[in-house]
Amino acid sequence: MSISITLPDGSVKQYDKPVSALAVATDISPRLADASICAELNGKLIDLEHMIDSDANLVLHTFKSEIGKEVYWHSTSHLMAQAVKQLYPEVLVTIGPAIEQGFYYDFDRETPFTDEELLLIEKRMQELSAMALPYARTELSKAEAIKMFADMGESYKLELLDAIPDTDIISSYRQGDFVDLCRGPHLQNTSKIKAIKLLKTSGAYWRGDEKNKMLKRIYGISFPSNKELNEYLVFLEEAAKRDHRKLGKDLDLFSINDEVGAGLVLWHPNGAMIRHQIESYWKEEHLRRGYKLVYTPHVGRSNLWETSGHLGFYKENMYSPMQVEDQEYYIKPMNCPFHIHIYNANHHSYRELPIRLAELGTVYRYERSGVLHGLMRVRGFTQDDAHIICTPEQLDAEVEKLIVFSLDMLKHFGFKDFMIYLSTQPEGSVGEKADWDKATESLAASLKKLDLDYSVDEGGGAFYGPKIDIKIKDAIGRAWQCTTIQFDFNLPKRFNMQYIGADNSPHQPFMIHRAVLGSVERFFATLLEYHGGNLPLWLSPVQVMLIPITDGQFDYASEIMEKMQAMGLRCEIDSRSEKMGYKIREAELKKIPFMCIVGKNEAANNQVTLRQHTKGDLGTMDFDAAIQTITSHK
RNA sequence: GCCGAUGUAGCUCAAUGGUAGAGCAAUUGAUUUGUAAUCAAUAGGUUGGGGGUUCAACUCCCUUCAUCGGCUCCA
C-alpha cells in the first residue's frame with residue numbers, strides 16, 4: 001500500500017499506511033505540527049487527527065491563514081459555551097460561529113450577562129484550556145442526534161437538526177462534559193487556546209429574525225499567545241483614536257445636537273470646508289464626464305410618491321406628510337422621481353441618450369433609533385446621486401464607465417482596498433426575468449472585463465433591479481457601503497419614460513441609479529477614519545498655520561499670509577501671546593499640514609521656516625521655495 | 001424598534017444619600033518667547049429632561065430623550 005500526499009509547494013510525501021494530517025505535519029517539522037490548527041484534504045476541511053487513507057492534496061492551516069483563524073475562534077466559542085454551561089446550567093445553547101475578528105455564542109437566558117460574569121466565564125475558560133480537553137468528533141445518524149440533544153433539553157439544537165435532511169450523517173464534538181452539534185473541524189484540544197478575551201455582550205434575535213426571541217450574545221476573541229492578544233487590544237485602542245466621531249469633535253468638524261434632533265448633522269466651518277472641497281471636486285469630475293447638474297426640491301406632493309411607488313414600498317422610511325392647502329407633501333427620501341420629471345419635461349430622441357443627471361441631493365429617511373451611528377448612519381444626508389438614462393444598446397458601455405469612474409474617484413481620495421458585491425434578483429421583484437438577466441450579465445461582464453474581484457450576493461438586489469455595491473472599511477474593520485450602481489426596472493415604467501427611437505416610435509429607456517460616494521456624510525466619515533484625520537493638503541480646512549515667534553513679526557506674517565491667500569492657499573495666523581512651542585503643538589494637534597514659522601531672522605531675510613505636520617522642521621527657505629514645497633503635496 | 005451600558009463645566013474625567021470638584025480650553029493681566037503645553041487671577045453647573053422616594057438625591061426608583069456596543073434594517 002502506498003499513499004502519496006501532495007503539499008501546496010508541490011512536494012510529495014509517501015506513506016505505506018493511513019496517516020493523520022497531524023503526522024504529516026510532524027514529518028515536515030514539529031513546530032508546524034504544534035502550530036497547525038486544522039487541514040484541508042482535497043479542498044475539504046478536516047481535523048488534524050483525521051486519517052488519510054488514499055492519495056490526496058493536503059494543506060495545513062495555522063493561525064496565519066483565514067481558515068486557521070476561523071477554526072481556532074470557532075473552537076474557542078465551544079470552549080466558552082462549555083464554561084457558560086458549567087457556570088449556568090439552566091442556560092440553553094444556540095449557535096456560536098467564528099466571525100471576522102473573533103467569535104460569539106448566543107445563549108438563551110433570562111438575565112443578561114454582566115461584565116463580572118464575563119470575567120468569571122473567562123476564568124473558567126482558562127481553567128478548561130489548562131485541562132487540555134480533546135475536541136472529540138463523533139458521527140451519528142439524525143435520529144441519534146435528536147435523541148441526544150432531546151435528552152439534554154437543548155431545544156435550539158433540535159430546531160437546527162430539523163432543517164437537516166433525515167439521511168444526513170451528523171457530527172458532534174465533545175470536549176469534557178460539553179457536547180455540541182457541529183460540522184467541525186476543531187482544534188486538537190482546548191490547551192491550544194492560550195489567550196482569551198471576552199469583549200462585549202449584546203442581544204441578538206434567534207436566527208436573525210426580529211420576530212423571534214432575543215437571545216443573549218457574548219463576543220470574544222482568542223489568540224495562540226498573549227502577545228498577539230495584547231497587540232489586538234492595542235489595535236482596538238488605536239482604532240478608537242481614528243473614530244470619526246472623536247476626530248469630528250477634536251478637529252471641530254461637525255456635531256450632532258440633542259435639541260436639533262438625532263441623526264441630523266451640523267457642519268462646522270472646518271467640516272464644511274472639507275465638504276466643500278469634496279463637492280467641488282465631485283462636480284468638476286461629473287461635468288468632465290458628460291453629466292448634467294440639476295437641483296430639485298426637498299419635498300414633493302403625495303401624488304409623486306404614489307406614482308413612484310415609494311408610498312407603497314418605502315413608507316416606513318418616510319416621515320409623516322405635511323398639509324399644504326389641502327394637499328399632502330412628503331419630504332424626499334430619494335431624488336429619483338424629481339430627476340425623472342426633469343427627463344420627462346421634454347421629448348427625447350435616441351440621439352440624445354445617454355442622459356446623465358447628477359445632483360448632490362439631500363434626502364431624509366426615518367432610521368430606527370438604535371441604528372444611528374455618527375455620520376455613518378444618519379436621518380438627513382446628501383447623496384451624490386445621478387440617474388443615467390440610456391438605450392439598451394448603451395447599457396454595457398455605461399456600466400463600465402460607471403465602475404471606472406467610481407474606482408477612479410475613490411482612489412483620488414486615497415482609498416486602495418474595496419470590497420465589490422454584485423447583487424442579483426430577489427424574491428418578489430418587479431420587471432421581466434429577461435431584463436434582469438441582461439442587466440445582471442451586463443454588470444458581471446463589466447466587472448470581469450475590468451478584472452475586478454467581486455462577491456455575488458445571491459438574491460440581494462433591490463426589488464427593482466440588480467446592483468453593484470462597493471464597500472470601504474472603517475477604523476475597526478466594519479464595512480460601509482459607499483458606491484452603489486443600481487438598475488431600475490420599476491420607475492421608467494411607472495413614470496412612462498420614453499425616447500423616440502430610430503424607427504420613429506417611442507421606446508422605454510433603461511435607467512441606472514447610482515451614487516459614487518454613497519452619501520457625503522458617510523463618505524466624509526470613512527475618509528476621516530482612513531486618513532486618521534491627517535487629510536491630504538487639498539482637503540485640509542486650514543493648509544498653513546503662520547506662527548510669528550513674537551509680536552514683532554506679526555506684520556511680516558500678515559504679509560506672507562496675504563501672499564499665500566492670493567495663491568489660493570488656506571492659511572491663518574496664530575497671533576496669540578504664546579511661546580512658539582505651544583503654537584506648534586496646537587497646530588500639530590489640529591493636524592494642519594504645514595506650519596510657517598517666522599521670527600526675527602526670517603523677517604530680516606525675507607524668508608520663512610517651514611514645518612510639516614508629523615514630519616517636523618523642514619528648514620528655513622525663501623518664500624518661493626516654501627510655496628513650492630507646500631504645493632508639491634496634493 | 002429590540003438587548004445591554006452610559007449621560008456631571010466647551011473637552012477629558014472625579015465626587016456611593018449629607019456644602020458638586022480637578023486638568024485642559026475660555027476671559028483678564030503679566031510675559032515677547034526659536035520647533036509638541038510660560039505664569040497668575042477670574043469666570044464657568046437646575047449633574048440630559050420630567051416625575052417620585054427621603055429631613056436630605058449626581059447618587060435610589062419610574063419615565064422620557066440622547067449617546068455607545070450589538071441585533072434587525074440600510075447610503
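A: Leaving aside residues up to four places away in sequence, S446 touches D396, V399, E400 and I403, where a contact means heavy atoms within 4.5 Å. S446 itself sits in helix 14, which covers residues 433-449; helices (H or I, at least four residues) and strands (E, at least two) are DSSP runs, numbered from the N terminus. With 4% relative accessibility, S446 counts as buried. Buried means under 20% relative accessible area, exposed over 50%, and partly exposed in between, using a 1.4 Å probe and protein chains only. The side chain of S446 also reaches the backbone oxygen of S442, at 3.0 Å.

A word on how to read all this: the model is predicted, so local features need pLDDT of at least 70 and side-chain atom pairs count only at pLDDT 80 or more, while totals for chains, interfaces and linings use all residues. Residues are numbered from 1 along each chain as its sequence is written, chains are lettered from A and ligands numbered from 1 in the order in which they are written, and side-chain values use heavy atoms, leaving out hydrogens and water.

Now to the charged pairs. Side chains of opposite charge can pair when their charged atoms come close. A salt bridge is a side-chain nitrogen of Lys or Arg within 4 Å of a carboxyl oxygen of Asp or Glu, and by this rule the count comes to 34.

Take E279 and R275, whose side chains meet in a salt bridge at 2.7 Å, N to O. Both residues belong to helix 9 (residues 269-288), four residues apart, or about one turn of the helix.

Another salt bridge joins K332 and E359, with the closest N and O atoms 3.9 Å apart. K332 lies in the loop between strand 21 (327-331) and helix 12 (336-344), and E359 in strand 22 (residues 355-364), so this pair ties together parts that are 27 residues apart in sequence. K332 is buried at 1% relative accessibility, and E359 is buried at 4%.

R576 and D574 form a salt bridge as well, at 3.0 Å from N to O. Here R576 is partly exposed, with a relative accessible area of 37%, whereas D574 is buried at 7%. Elsewhere, salt bridges that share partners join E285, R288, R289 and D408 into one network.

Note on methods: A polar contact is a pair of N or O atoms within 3.5 Å; within protein, one must be able to donate a hydrogen and the other to accept it, and residues adjacent in sequence count only if both atoms are side-chain atoms.
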